[in-house]
Every structure is written in C-alpha cells, then in structure tokens.
Amino acid sequence: MTDELKQDFESGMVKHLLFKSKLRSYLYGSKINQGPIRDPMQCALGHWIQDRALGAYAHLAESRELDRLHRQIHHEANRLMDMHDRGQTEQALSGLGAVEKLADHITALMRTMEQKLRTGL
C-alpha cells in the first residue's frame, strides 16, 4: 500500500510541476496549448484531484482545500496570461511569485494528505 500511495502522490506532484512549467513557458512566449493552463478541468492535476483527492481520499478535509486552491491557482494563471496577451509581459512575469505561493501551499496539502493516509489519521 505505501509504495502505491507514494507513486500516486508523486504522480500528482509531477502533474502540478507540469502546470507550473506550462504557465511559465507561456508567459515567456512559448506557443503552447492554453486549455490545460486556463481550465482546471483540463489540467492533469485537475483530473488527479477529481479522480483521487475527491474520490478515494475524499474523507480527508484537505481534499476539498486542495480542489479550492487548484481552482484559485488557475484563476491567477488566467489573470497573468491575460496580462501577457495585452502586452503586459513584465507585470505578468512579476505575478509568478503569487503563483509560487499557491503552488507551495498545494504541495504542502498533498504532502499532508499523503502523511495522513500513511498513518491512518
């Protein structure tokens, strides 16, 4: 069980890193698919949250907070992408700090969830 749990949460973390990477790439001018950055339901982590956090792990209070923060980070990503699209690239890039804070909170929540599941809390 612990190896499966570890793999499951590592998979979620990788999906989270992928989102951050895609947002950063977009803001630096890469032409990439905006859907998974703009829409939390197209995002790979969004799928993980729906399937795992709000599925098998729904009994943990953190699962709902994770979903809320995930939606919030996408809202912030949309704001930054819109700024970029209006030619406000420097301002958009300066907003990445706020995204990082949300991202760190998401990571911490995922670690807390994994730890609770390991210890049976």
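Trp48 is buried, at 4% relative accessible area (buried means under 20%, with a 1.4 Å probe and protein chains only). Ring pairs join Trp48 with Phe9 and Tyr57 in a cluster. Keep in mind that this is a predicted model, where local features need pLDDT of at least 70, side-chain atom pairs count only at pLDDT 80 or more, and totals for chains, interfaces and linings use all residues. Residues are numbered from 1 along each chain as its sequence is written, and side-chain values use heavy atoms, leaving out hydrogens and water.

**Aromatic pairs**
- There are three aromatic pairs in the structure, a pair being rings of Phe, Tyr or Trp (its six-membered ring) with centres within 6.5 Å.
- Phe9 and Tyr57 have ring centres 5.3 Å apart and planes at 25 degrees, so they're stacked (planes under 30 degrees apart).
- Phe9 sits in helix H1 (residues 2-27) and Tyr57 in the loop between helix H3 (44-56) and helix H4 (61-85), so their pair ties together parts 48 residues apart in sequence.
- Phe9 is buried at 1% relative accessibility, and Tyr57 is buried at 6%.

**H1 against H4**
- H1 and H4 pack at about 15 degrees with axes 10 Å apart, which makes them roughly parallel (angles under 35 degrees).
- Residues in contact (heavy atoms within 4.5 Å) include Phe19 and Leu23 of H1, and Ile73 and Leu80 of H4.

Technical notes
Phe/Tyr/Trp six-rings, centres within 6.5 Å; stacked < 30°, edge-to-face > 60°. Helix = DSSP H or I, 4+ residues; strand = E, 2+ residues; numbered from the N terminus. Buried < 20%, exposed > 50% of the residue type's maximum accessible area, 1.4 Å probe, protein only. Axes fitted to C-alpha atoms, helices over the stretch in contact; angles between N-to-C directions. Parallel < 35°, antiparallel > 145°, perpendicular 65-115°, else oblique.
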